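Me: I would like to go through this structure term by term. Please set each value against its definition.

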Amino acid sequence: MSSIAQKKGFGAAMWDYLTTVDHKKIAHLYLASGGIFFLIGGIEAMLIRIQLMKAGNDFLSAGTYNEVLTMHGTTMIFLAAMPILLAFMNAIMPLQIGARDVAFPFLNSLGFWLFFFGGVFLNLSWFLGGAPDAGWTNYASLAIASEGHGIDFYALGLTISGFGTLISGINFLVTIINMRAPGMTYMRMPLFTWTTFVASALILLAFPPLTVGVFFMVFDRMFGANFFDVTMGGNTIIWEHLFWIFGHPEVYILILPAFGIFSEIFAIFSRKRLFGYTALVFATILIGFYGFMVWAHHMFTVGLGPTANAVFALATMIIAVPTGVKIFNWLLTIWGGSISFTTPMMYAIGFIPSFVAGGVTGVMQAIAPLDYQLHDSYFIVAHFHYVIVGGVVLAILAATHLYWPKMFGTMLSEKLGKVTFWLFFIGFHLTFFIQHFLGLMGMPRRVYTFGADQGWDLFNAISSVGALFMALGVIILLVNIVMTSIKNERVSNDPWGDGRTLEWAIASPPPFYNFAQTPLVRGLDTFWIEKMEGNKEGMVYAEPLEEIHMPNGSFVPVVMSFGLFVASFGALYNMDGDKGWTIPVIIIGLVITFGSMLFRSLKDDLGFHISKEELLRDVKGGKSDGLK
Amino acid sequence: MDLNKKYTPQSWPDHPETATMEGKNKFVGFWLLLAAETVTFASLFATYLALKDKGPSGMEFAASNLFELPLVFAMTMILLTSSLTSVYAMYHMKNHNFKAMQAWLGITVLLGAAFLGLEIYEFNHYVHLGFGYTHSAFSAAFYTLVGTHGAHVLFGLSWFIALMVRNSKRGLNMYNAPKFYLVSLYWHFIDVVWVFIFTVVYLMGVIG
């Protein structure tokens, strides 16, 4: 569709993206904006590493350093990693289950625009009096004392984008429950769909506590409530509980889709059925379940008492079991396979040792007495970067290469892809491996500098050099994207040649209505089954060619999200108490939002139909499914 | 979907709310939303229990001397009755009796508005006693929990009214039947939350 959009001219293409409810275009939007936030978060990471390059550096002031580290964490988790994963979920999951679109196309668009305006709002803090500076965890004891509006930008921005994520989670759950093609039973769903399913369930149950906690923060600062004011009977530990009841499942919201992506990659490029598919599914569900039982392991040093610490320590260690099951299943998938070392496969193979290292340090921290030593040191920083970068970011980079042809119809260069992989992979270990030792040597996290007499100079310098490698890797990826987009060599349905699941049975990129006829699924790895049986079309159909019902595009999601964006500015400056315009701005913003909600509810939107003739033209013209 | 198709009670499906794909999706999606709402209220309840009776030293207010059960009991009865009347409305919706459904929905809205009025009166009363929102952690937790419920009641009422007015001329069809069903589901959820508020905040509060 993108080539058609270009012919329409820039304005029309722009309007097309602003009003689209097509899951594939929303995926483009998520990928583009998540990618931009990833670059912003990456620049913030580089600033941190430049500041820590040598002892006593004054590149950043202490206050600016706090802002940079807070925004690095917040941006990377909420505005980069999660949206980019949502991009792949949107682009691929409906195709994998043979669905026409997601269950609620309108809400899909609304979810994106809420995330987008929330992210923009948060980042505007840099220009409007300072960014949040209490860390991405925003502990109340620190945050309520923070001056300026940084914390308010954090609270309101995350509220808006959090609503967006919650909506997406519900949408994916309903899609997978209700919209699977005939024959696509739960135990035939590809692993990426399964992990999307469980991650969406985690989103559903984890985001409300964050929203509640953030509202308490807003109420304390805006209306003078006393949730966190100890002199008025408040309790700052409530924030820590609410935050981590969200925060720990959030880790699994990020890593489970990453596991799904790697499961696809291992099967495709080992040319083997996944080893232990059932065990992988079961492990995914178990990880999701235990994810809610372990939040207090982030709070061992708070003083919840030995009983609580023991229970949460044990629960945390148990999570290592299903995760270990997964690692062995992947290894046994590779075992005896006919392996092709493509770029995605390189990332997948690099992921296993990196993630295991992160997991092992995680089990170390689960031991509460040891955690008293490790807490708030660089050991923790090393650990969670091993899990997030070694797991999630490697998965994102792998999926970018794997699914790029499906999303945009052209391959990324394998040669440049491998250069990116080696630069990023070496840079990653160079940066973070040594931080384990910095932590054991006593270097605290979130402190803007260190003394020359503390003996941390060399290791920090090495770590900063590693960050440079990662940055180079990302720049080469961008070059790769630009170069291959200019060349724009079109590819067929199954550009890797070894696709196993339904998304590879459809044109790259797929037509806007997806499958012209809903496919019939005859087993796990259904496209592979059809290929092995010599089916030239790549699938069998569950229905004759008939007219297709499609939803209308809509501009309402943008307006609805923009209303909250406007209201948030009013709420933010209302806290100063000396401006007359703030209450009207809040009211205008809420009127925009609820007015467009009412408009949406009252105006019938029945969608439109694509006629059979039009579909036949597409199928014959080779625009639709079928191997070419 | 053909909005002009005329149904009779005989041709109307048994479960119009899930008779179409859109209806099925809305049905599942709304139950999931209620799961998220449950977690939201669970967080608010937990916070309330942690901050109950907590305030600046020497605070004179406590749950045991602040709340009065007669008014709250009346509110509870009104809201529970409104849940019953919304069930009657759904009974008539399933029998394709539009007028009766609108009438019972109207009664539901009136009862809901009465509940909301009493809640505003109650809050106003406490504020006049000096127990304002900024008074203490206890007051903040109380007003936020009960007030969030009140905001849900207000939203539910607006939703009822919007649907009733929008469809008053054209009656029931397969497009709006799921919408009526969902708002009544929402209303039941609000009712269940209130039962917990009545128990945890008021009954347990008065007992001490």
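Me: What makes residues 71-91 of chain B a helical stretch?
Reply: The model is predicted. In it, residues 71-91 of chain B are 100% helix and 0% strand. The UniProt record, an unreviewed entry, lists 71-91 of chain B among its "transmembrane region" features.

Me: What are the helix content and end-to-end distance over residues 185-207 of chain B?
Reply: Residues 185-207 of chain B are 100% helix and 0% strand, with end C-alpha atoms 32 Å apart. UniProt gives this range of chain B as a "transmembrane region" too.

Me: How do you know which kind of element builds chain B?
Reply: Count them: chain B has six helices and zero strands. From the N terminus, the order reads α-α-α-α-α-α. The C-alpha trace of chain B spans about 70 × 30 × 25 Å along its principal axes.

Me: What share of chain B is called buried, and by what cut-off?
Reply: A residue is buried if 20 or more other C-beta atoms lie within 10 Å of its own. Of the 208 residues in chain B, 36% are buried.

Me: How do you know which residues of chain B touch chain A?
Reply: The test is whether C-beta atoms lie within 7 Å. By that test, 31 residues of chain B are in contact with 32 residues of chain A. On the chain B side, helix 1 (21-51) and helix 5 (137-167) each give two or more residues. Helix 1 of chain B gives the most, with 15 residues. By class, the chain B side has 19 nonpolar, nine polar and three charged residues.

Me: Which residues meet where helix 11 and helix 12 of chain A pack?
Reply: Helix 11 of chain A brings residues including A:Ala313, A:Met317, A:Ile327 and A:Trp330. Among those from helix 12 of chain A are A:Ile352, A:Val356 and A:Gly359. This contact has nine nonpolar, three polar and no charged residues.

Me: What makes A:Arg271 partly exposed?
Reply: Partly exposed lies between the limits of 12 or fewer for exposed and 20 or more for buried. A:Arg271 has 14 other C-beta atoms within 10 Å, so A:Arg271 is partly exposed. A:Arg271 lies in the loop between helix 9 (237-270) and helix 10 (277-290) of chain A. A:Arg271 also has a positive phi, near 50 degrees. Most residues other than glycine have a negative phi.

Me: How do you know whether the peptide bond from A:Ser508 to A:Pro509 is cis or trans?
Reply: Omega is near -15 degrees, and the bond is cis. Most peptide bonds are trans. A:Pro509 is in the loop between helix 16 (457-487) and strand 1 (519-520) of chain A.

Notes:
Residues are numbered from 1 along each chain as its sequence is written. Chains are lettered from A and ligands numbered from 1 in the order in which they are written. This is a predicted model: local features need pLDDT of at least 70, side-chain atom pairs count only at pLDDT 80 or more; totals for chains, interfaces and linings use all residues. Two residues are in contact if their C-beta atoms, placed from the backbone, lie within 7 Å. Helices (H or I, at least four residues) and strands (E, at least two) are DSSP runs, numbered from the N terminus. Ala, Val, Leu, Ile, Met, Phe, Trp, Tyr, Cys and Pro count as nonpolar, Asp, Glu, Lys and Arg as charged, and the others, Gly among them, as polar. UniProt positions are given in the numbering used here, feature names are shortened, and annotations may be inferred rather than shown by experiment.
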